[in-house]
Number of protein chains: 2
Amino acid sequence: MAGTIGDLGEFGLIARVTARFPHSDNVILGPGDDAALVAVPDGRAVATTDMLVEGRHFRYEWSSGWDVGHKAAAQNLADIAAMGARPTALLLALAAPPDFPLDWIDAFAGGFGDECATAGAGVAGGDISASETLTIAVTAMGDLAGRPAVRRDGARPGDTVAVTGNLGLSAAGLELLRAGLSEPRACLDEHRRPHPPYAQGPAAADRGATAMLDVSDGLLQDLAHIAHASGAAIDLDPAALDPGSDLRAAADALAAAGGPVRDPATFLLGGGEDHALAATFPPDAALPEQWRRIGRVAAGSGVTVGGSSVSAAGWDHFRGVR
Amino acid sequence: MAGTIGDLGEFGLIARVTARFPHSDNVILGPGDDAALVAVPDGRAVATTDMLVEGRHFRYEWSSGWDVGHKAAAQNLADIAAMGARPTALLLALAAPPDFPLDWIDAFAGGFGDECATAGAGVAGGDISASETLTIAVTAMGDLAGRPAVRRDGARPGDTVAVTGNLGLSAAGLELLRAGLSEPRACLDEHRRPHPPYAQGPAAADRGATAMLDVSDGLLQDLAHIAHASGAAIDLDPAALDPGSDLRAAADALAAAGGPVRDPATFLLGGGEDHALAATFPPDAALPEQWRRIGRVAAGSGVTVGGSSVSAAGWDHFRGVR
């Protein structure tokens, strides 16, 4: 059905969007009442919220409604996984101009619901209102099933630093879009629809992870958060930081198109938004199968690569990747 | 400190805002990690979300930052109370232009934190980003402490209909502001800083309330939601619907200023945003002390006053109050 949000009205729009969301046993009472009821068998609810604003966090011309719905769910689900919890339910608030196309909203709801289903979470409730600026606010909840929450401050000298999931593909994809390029596809796909390794959060907690987070700002910057919160240093092993063929191809494509000359490692170390998980494990812990070792926690402070400091200039450069 | 959000940056702003929030034992792990941990001893988390957009839900010239913070918290806390739950923790996402004044944000955080403290809730986490349109998204969580959740669909013929809290003051206050008037003060105050009777939600649940909601769209419209969901009719007792002196004074002031001629009862029946609680109780239940009887559930459908239908024209008129 073509048309706009205004054609349908608030209640019609809520019914239409809600119909696209997956059923979940985690949601005891879903949309339609003053509030929802979400099962939290553990007695401690893990909860996080994120806001996405058109023109700031995504652009209509680079991402479809489905992409944005997928990403809005994924980035919140990843925050739940990064605590060692299983995502259970999401709440969605959306504000859009009254003349906003229904087709986009349909696609958005589809992408959002689809990624919730991937993670095993339901959509418990939400809110829809009008705004000049398309704005999406998502709250995700999760259950720890008796596990200790894995915070950022538990890394200890001697611990192993490890990651799981993609690193740098999303940032490379964004650079490619900026340069008007459409290959390599893996980078663009990951920028539009990141695939955080949700199940690996609880898996890491089960193996005794001492600190964990999802990589949203870039590996170096996010590991610096763990180092700072834990009062420790992190040194990465250069041999474990091979950017891989997609990031090399992206750097080559950008250079060939007269775009910025990029060392593919800068995507790996500085790129955010893939929502990989990074964690530290006790020295004697066996890593879960899908995790790879990339370094070690040491006494001191800050993050180094092969013992070398990352300069402030390098730092800003990495931040510039976003 | 004068200045703008941009002067402070994201992390500085988060630290500044967080410092104004109350401590709460409900918050096991607060802001600063990937997600928060909120105590849900009941094992069922009550959760709701609402978005407020400048120009749509509030205006800078009519409401201070403190007012908006207070109201953003209050309307979400009221939704939790309306399920029969005790509010435990809120999450706050805020998007504002980079040149937005820090003073307003400080006041907003003060009002938000203050109302959370009034309700006994903590602030567990949040998100801050940039947008052309000031937008606030709040998620509130609550705990049922073993009570059944009071939904909208449990009203049965013979049940008593009752309310607690203010009705119509906020809508009258909005009309007064539109007309450039500043008296009666009680109406303007309630519009800017509503005072939902949070503790009365659990109190009603303890007395066996069969259906409950908070009055956000207007008494008639919200009771129609209960009637519809419950498959029953509601008849209100005209003698129990005295608008009171403030609403009469507001109607008089509007007429004297050449504004719209309003029957003060229209504020009472059609005005939303005071976030009073309306509920139905079994015929033999003793109402909690602060509740007042206003009508009865009957077989049938729809909402009547003294047995008379409310016409569609009247309906739209009431909706026009907002």
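**View 1. Strand S2 (residues 36-39) of chain A pairs with strand S3 (residues 44-53) of chain B in the antiparallel sense, over four bridges.** Helices (H or I, at least four residues) and strands (E, at least two) are DSSP runs, numbered from the N terminus; two strands pair if DSSP finds at least two bridges between them. Opposite Val38(A) stands Ala45(B), a residue of S3(B). The model is predicted: local features need pLDDT of at least 70, side-chain atom pairs count only at pLDDT 80 or more, and totals for chains, interfaces and linings use all residues. Residues are numbered from 1 along each chain as its sequence is written, chains are lettered from A and ligands numbered from 1 in the order in which they are written, and side-chain values use heavy atoms, with hydrogens and water left out.

**View 2. The interface of chain A and chain B buries about 4,100 Å².** Buried area is the accessible area (1.4 Å probe) that two parts lose on being put together, summed over both. Carbon and sulfur atoms give 58% of the area between the two chains. Asp34(A), Met51(A) and Arg56(A) supply 17% of what chain A buries against chain B, more than any other three residues. In terms of contact (heavy atoms within 4.5 Å), 57 residues of chain A meet 56 residues of chain B.

**View 3. Salt bridges and polar contacts link chain A and chain B.** Six salt bridges are counted between the two chains, each defined as a side-chain nitrogen of Lys or Arg within 4 Å of a carboxyl oxygen of Asp or Glu. One of the salt bridges joins Arg152(B) to Asp33(A), with the closest N and O atoms 3.5 Å apart. On the side of chain A that touches chain B, strand S3 (residues 44-53) of chain A gives the most, with nine residues. By class, that side of chain A has 33 nonpolar, 13 polar and eleven charged residues. In this classification Ala, Val, Leu, Ile, Met, Phe, Trp, Tyr, Cys and Pro count as nonpolar, Asp, Glu, Lys and Arg as charged, and the others, Gly among them, as polar.

**View 4. Asp34(B) and Arg152(A) form a salt bridge (3.4 Å, N to O).** This pair crosses between chains. Asp34(B) lies in the loop between strand S1 (27-29) and strand S2 (36-39) of chain B, and Arg152(A) in the loop between strand S6 (135-143) and strand S7 (160-164) of chain A. Over all chains, the count comes to 32 salt bridges.

**View 5. Lys71(A) and Glu273(A) form a salt bridge, with the closest N and O atoms 3.4 Å apart.** Between domain 1 and domain 2 of chain A, three salt bridges are counted, and six residue pairs are in polar contact (both at pLDDT 80 or more).

**View 6. An open sheet of seven strands in chain A has the order S8-S10-S7-S11-S9-S12-S13, with mixed pairing.** Strand S8 (211-215) and strand S13 (308-309) of chain A stand at the edges, each with a single partner strand, so one side of each is left without a neighbour in the sheet. S8(A) and S10(A) run antiparallel and are joined by five bridges. Val215(A) has Ala276(A) as its bridge partner in S10(A).

**View 7. The peptide bond from Glu183(A) to Pro184(A) is cis, with omega near -5°.** Pro184(A) is found in the loop between helix H4 (169-178) and helix H5 (185-192) of chain A. In chain B, a cis peptide bond joins Glu183(B) and Pro184(B), with omega about -5°.

How values were computed: Polar contact = N/O pair within 3.5 Å; in protein donor to acceptor, adjacent residues only side chain to side chain.
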